[in-house]
Amino acid sequence: MLDHQSIEHKLHEVLSDDNILINEPLNNHTYTKLGGKADFFVTPVTYESVQDVVKLANREQVPFTLLGNGSNLIVKDGGVRGIVLSLKKLDQITVDGHEMIAQSGARIIDASREALTEHLTGLEFACGIPGTVGGALFMNAGAYGGEIKDVLKEAVVVDREGNLLTLPADAFDLQYRHSNIPENGYIVLEALFELKPGNYDYIKDVMDDLTYKRESKQPLEYPSCGSVFKRPPGYFAGKLIQDSGLQGKGIGGAEVSKKHAGFIINKNNATATEYIQSIEMVQKTVKDKFDVALEREVRIIGEDLEK
């Protein structure tokens, strides 16, 4: 059993009061608007305080979970035990020549817009990705033919022991929607992107076109986790789901979008359980109909609600 009073006291030794929330509902911090409470929700404002929180969690053997901006995440209805660490207050973006340093909590969309302002090309693909810089590295996010590994030069991380490391891009094994960041237990604090000089009007035209494609094809008017499934080799997940006749179907308040079959929306106050059951229903139906196994792109964390 966690000694909540003791943990709270120790957190106050390394963080200011306004960076610690107790029993914080995580549906306030996820794009799906799903999820139970975090025992402790902390928002460090310095790299040193991130290290301090990691070391505290290790020392006190407190469960520890990193949360980005919750765009590619489902939190179960029972919430998350221990400490949930959010880096949303580490959101600075700076540009020096052709290089950009973007902190983990900055939105990758904002990084792409800053690149445009500075007449730099390379991040146009990210103009519609709703995640943070840290989350983008975590899964090597990509869209419309570009991905993080194309522009990443190095990143600053905290390891499991609380050590601060600067690692080159090739240390992260960046592949399609994959990195070794989760298995190594790294917490990304900042990324250094190497961009190229470009023409402002051309870059803006590309970004405007990609934004139009995203807004016209994706069900952005409803809460969702974005694209639920990875692209199976030789197929498109959305097409398989559409051809399975699943659009408009779902469990409870969750529904496969009629606008884009690759999205599952929280249409009517769904629970996380209903949302996850809808994902499983899609996987089973596509497997039965086409013998293709859809692999989740979205992460699921937390505990089921006790009955």
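This is a predicted model: local features need pLDDT of at least 70, side-chain atom pairs count only at pLDDT 80 or more; totals for chains, interfaces and linings use all residues.
View 1. R177 is found in the loop that lies between strand β12 and helix α5, the latter covering residues 181-184. With a relative accessible area of 17%, R177 falls under the 20% limit and is therefore counted as buried. Leaving aside residues up to four places away in sequence, R177 touches M139, N140, A141, G142, A143, E147, K230 and E297. One of these neighbours, G142, also places its backbone oxygen 2.9 Å from a polar atom of the R177 side chain.

**View 2. S227 in strand β15.** The strand that holds S227 is made up of residues 224-227. S227 has a relative accessible area of 31%, and because this value lies between the limits of 20% and 50%, the residue is described as partly exposed. When residues up to four places away in sequence are not counted, the contacts of S227 are N72, G262, F263 and E297.

**View 3. An open sheet of five strands.** The strands follow the order β6-β7-β13-β11-β12, and their pairing is antiparallel. The edges are formed by β6, residues 93-96, and β12, residues 164-168, each of which pairs on one side only. On average, and with direction ignored, neighbouring strands of this sheet are turned by 15° against each other.

**View 4. Strands β11 and β13 within the sheet.** Strand β11, residues 152-158, and strand β13, residues 187-194, run antiparallel and are joined by six bridges. In one of these pairings, L152 has F193 in β13 as its bridge partner.

**View 5. Helices α2 and α3 against the sheet.** Helix α2, which comprises residues 47-60, packs on the sheet and touches β7 (99-103), β11, β12 and β13, while its direction makes about 145° with that of β13. Helix α3, comprising residues 108-117, likewise packs on the sheet, where it touches β6, β7 and β13, and its direction makes about 30° with that of β6.

Terms used: Residues are numbered from 1 along each chain as its sequence is written. Side-chain values use heavy atoms; hydrogens and water are left out. Two strands pair if DSSP finds at least two bridges between them. Helices (H or I, at least four residues) and strands (E, at least two) are DSSP runs, numbered from the N terminus. Axes are lines fitted to C-alpha atoms, for helices over the stretch in contact, and angles run from 0 to 180 degrees between N-to-C directions. Contact means heavy atoms within 4.5 Å. Buried means under 20% relative accessible area, exposed over 50%, partly exposed in between (1.4 Å probe, protein chains only). A polar contact is a pair of N or O atoms within 3.5 Å; within protein, one must be able to donate a hydrogen and the other to accept it, and residues adjacent in sequence count only if both atoms are side-chain atoms.
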